[in-house]
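The sequence and structure come before the text.

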Number of protein chains: 2
Amino acid sequence: MIVETIAVGTELLLGHTINSNVARIGTRLADAGLEHQYSTVVGDDHGRMVAAIRQALSRADAVLITGGLGPTQDDITREAICAATDREMLYSKEYADRLRRWWAARGREMPDSNLRQAEYPDGAELLDNPKGTAPAIRLEVDGKLIFALPGVPAELEVLLDQYVVPSLRERSGEGVVLSRVIRTYGKSESRVAELLADVFEQSGNPSMAFLASAAEIKIRLTAHAATAVEAEALVAPFELAVRERMGSLVFGVDDETIEHILLGLARDKGWTIATAESATGGMVASRITSVPGSSKVFRGAIVAYQEDVKRTNLGVGSEVIEEHGVVSEPVAIAMADGAAEALGADVAIAVTGSAGPETLEQAAGTMVIAVHTPEKTMARTLRLPGDRERVRTYTTTGALHLARLAMMGEWWSGQPKSGRWV
Amino acid sequence: MIVETIAVGTELLLGHTINSNVARIGTRLADAGLEHQYSTVVGDDHGRMVAAIRQALSRADAVLITGGLGPTQDDITREAICAATDREMLYSKEYADRLRRWWAARGREMPDSNLRQAEYPDGAELLDNPKGTAPAIRLEVDGKLIFALPGVPAELEVLLDQYVVPSLRERSGEGVVLSRVIRTYGKSESRVAELLADVFEQSGNPSMAFLASAAEIKIRLTAHAATAVEAEALVAPFELAVRERMGSLVFGVDDETIEHILLGLARDKGWTIATAESATGGMVASRITSVPGSSKVFRGAIVAYQEDVKRTNLGVGSEVIEEHGVVSEPVAIAMADGAAEALGADVAIAVTGSAGPETLEQAAGTMVIAVHTPEKTMARTLRLPGDRERVRTYTTTGALHLARLAMMGEWWSGQPKSGRWV
């Protein structure tokens, strides 16, 4: 079953509001095995709304419209549905009474403009909105379904879950869609695609896609089948092939972030974690502490931004700094050892570097990461392209991944000295 | 001039990624006085992409396509443009050489698949992408413009600002658009709108809009005029009226972030800054160090996530913790004083709190901020709604704003004890 979505609202086109509803609907349609082929944003303009609804009806089996159901003059989704499907607008005295009771129960008198919410296209069904006053609308036209839903996320979600998705699934009689995301780190998107070129060639159901986000490459497998078991059976051999090919580059699946994986690994080993940061300025610690429950594992951090703080608070020797410079592997190692000592942690992640702009001594984007574990301490130098924020973000992600490898005993000696290390 | 946007990517329809680019483009088009009539999301499907491009060309003067320019097999925007406009794909040996040099400069060999990024539709111009390897594409078809742009936000933004918007504005032959953003903190969006209701009534050219982002409210004035001088003359009296009404709630204009303002204030006074963080886990330090040159002012941070780290590394007395609890104003004050001492800073910002999930002792979202200056140290308790990430982000922003007020000597005594303090 093919579904299209239309989001109504000039504020979405002006960029005042981010259209997050399309993702809200998209995940639910995917989970329900319904195919979401197009999503259109249109302003509060009668002619363009009518055109968008007519076009969606011409291509899809069901059309979900969000927004434009409020009480004000610019809320014209009801009118646009009537015009697009050539039908009259009716008025529900019953719903009008219900609206009056809703307002009375809150000790307020209802503005007359709200009576617009009791209007509906001939043939439509009004669906109760448990979280607001705008009822949703369900209309069947020539065997196709139209749903008009409020744009307020909390109202939309409850209506999707209670009415819309069950109704579409019943109508579709189709099976399920299963998505599996395999998360990797250490190779570029193009290198991952090359490594998996022959697997990609054989894909179809499941389909296969590569997604790059902040130095991590995700491989998404999406299967359509009659049942969850069959979908799983379609995905399994592809997942296995990807895992065999990618080896320890794979660090997690689906929603597992590197912070989650790292904290889980520390809990399994009974280790605590600390960080010592210069150029990343606390970003590694922020990422780790974004996970609820990280306080059981994470001790703390020392952000040593000025040089004497590295000496005083992390015990980095002046002679090490003088001999090698602040952005060097010996200094990063001394920072990691110093943080483990000062903060009483089993594992310490240290970052020193120059994130930009460039200085005379050091090209921007030279970042050194060191990891201290009960086994040993090792450092790695990265040269990263891009601006300050990108360099800092990629370094933070890199530091978390390097710590994962170190904690698993997969040190990176023997690898090339710069660039990606896996 | 009418513009349509098309976002390419199955991940947007599946809800794996929120389509924030439409807002990114929308604000820029609105500021430039260009009309954004439709925005369509389409998956990585050749036939549907071709249909979407053809339709947009039939309705608009310019079409901006984002995404699908990467090096992998599912990136087919280039092919879809060729098919939609009936033209051949060519290959730029010059750009291929440039790609090879980009990779070589990073000490890496370029995967062959990246050569796809040197392909372009006949008649198109390749636009340099200063932040990535995918060039943008500009193509003129029957007097209409097509731009294909990378979907990565940082790459998209720089290309929009450098090429796309100036090019569209030149083509549109319209006058100048001037935008001034006045940044405020301390009142809700609806309260700001109330305070400025009569100013808003008189607006038109310039238009006036309120934008809320992470606890800050921005007031955007946008004027259209024949020349920059005339536009400035239209904006000036409205900016003055807003500033008079809002007073010290205004902390900056246009691109001035609170971190920039704070660092400027510290430089003016010859003061250094440090932070002591528990629940924010280094986020305050990360924000401050995101500004190039912050190393001249920022000393460092101690993230004291576990209780004994607060005692050992920040010198918070056990008796203070026992008497008041870890999430308390006396502990925040002791952390700020301890950080100033341990890190040798004139100003120290401390955060302790519970960002969630809730515990038996403490409701989630109770956050305490303290600021130490050479004058004194004071604390403030906030109760914030929302999930862990929202609480942490709002607290970080709040801590930076409180530090600004404290450094200006505008302490917050006499203000209500919880909630917003200004």
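Predicted model: local features only at pLDDT ≥ 70, side-chain atom pairs only at ≥ 80, totals over all residues.

## Domains of chain A

Chain A is divided into three domains: domain 1 covers 2-172, domain 2 covers 176-253 and domain 3 covers 258-407. Between domain 2 and domain 3 of chain A, the C-alpha centres are 31 Å apart. The contact between these two domains of chain A involves six residues of domain 2 and eight residues of domain 3. On the domain 2 side, the residues that touch domain 3 of chain A are four nonpolar, one polar and one charged.

## An open sheet in chain A

In chain A, an open sheet is built from four strands in the order S10-S11-S9-S12, with antiparallel pairing. The edges are taken by strand S10 (207-213) and strand S12 (250-253) of chain A; each has a single partner strand, so one side of each has no neighbour in the sheet. On average, and ignoring direction, neighbouring strands of this sheet are turned by 25° against each other.

Strand S9 (residues 176-185) and strand S11 (residues 216-225) of chain A are antiparallel and joined by ten bridges. In this pairing, Val177(A) is opposite His224(A) of S11(A). Helix H9 (residues 228-246) of chain A packs on the sheet and touches S9, S10, S11 and S12 of chain A. The direction of H9 makes about 15° with that of S9(A).

## Contact between the chains

Chain B contributes 66 residues to the contact and chain A contributes 65 residues. On the side of chain B that touches chain A there are 28 nonpolar, 27 polar and eleven charged residues.

Strand pairing also crosses between the chains. Strand S2 (residues 35-42) of chain A runs antiparallel to strand S2 (residues 35-42) of chain B, and five bridges join them. Here Thr40(A) stands opposite Thr40(B) of S2(B).

S2(B) has six of its eight residues buried, so the strand is largely enclosed by the rest of the structure. Within chain B, strand S1 (residues 2-8) runs parallel to S2(B), with seven bridges between them. Glu4(B) lies opposite Tyr38(B) of S2(B) in this pairing.

Which residues of helix H2 (residues 21-31) of chain B are buried? They are Asn21(B), Val22(B), Ala23(B), Ile25(B), Gly26(B), Leu29(B) and Ala30(B). Their cover draws on both chains: it includes helix H1 (10-13) and S2 of chain A, and S1, S2, strand S3 (62-66) and helix H6 (153-172) of chain B. Just after H2(B), Gly33(B) has a positive phi of about 75°.

## Nonpolar cores

In soluble globular proteins, nonpolar side chains tend to be buried together. The largest nonpolar core of this model has 243 residues. The members that touch the most others are Met335(A), Ala336(A), Ala339(A), Met335(B), Ala336(B) and Ala339(B). Apart from this core lies another, of eight residues, including Ile219(B), Leu221(B), Ala223(B) and Ala231(B).

What does Ala339(B) touch, leaving aside residues up to four places away in sequence? Its contacts are Ala274(B), Thr275(B), Ala276(B), Ile302(B), Leu314(B), Ala345(B), Ala348(B) and Ala350(B).

Definitions and conventions: Residues numbered from 1 in each chain as written. Chains lettered and ligands numbered in written order. Core = buried A, V, L, I, M, F, W, Y, C linked by C-beta atoms within 7 Å. Buried ≥ 20, exposed ≤ 12 C-beta atoms within 10 Å, placed from the backbone. Contact = placed C-beta atoms within 7 Å. Nonpolar A, V, L, I, M, F, W, Y, C, P; charged D, E, K, R; others polar. Pairing = 2+ DSSP bridges. Helix = DSSP H or I, 4+ residues; strand = E, 2+ residues; numbered from the N terminus. Axes fitted to C-alpha atoms, helices over the stretch in contact; angles between N-to-C directions. Domains from an automatic or database assignment.
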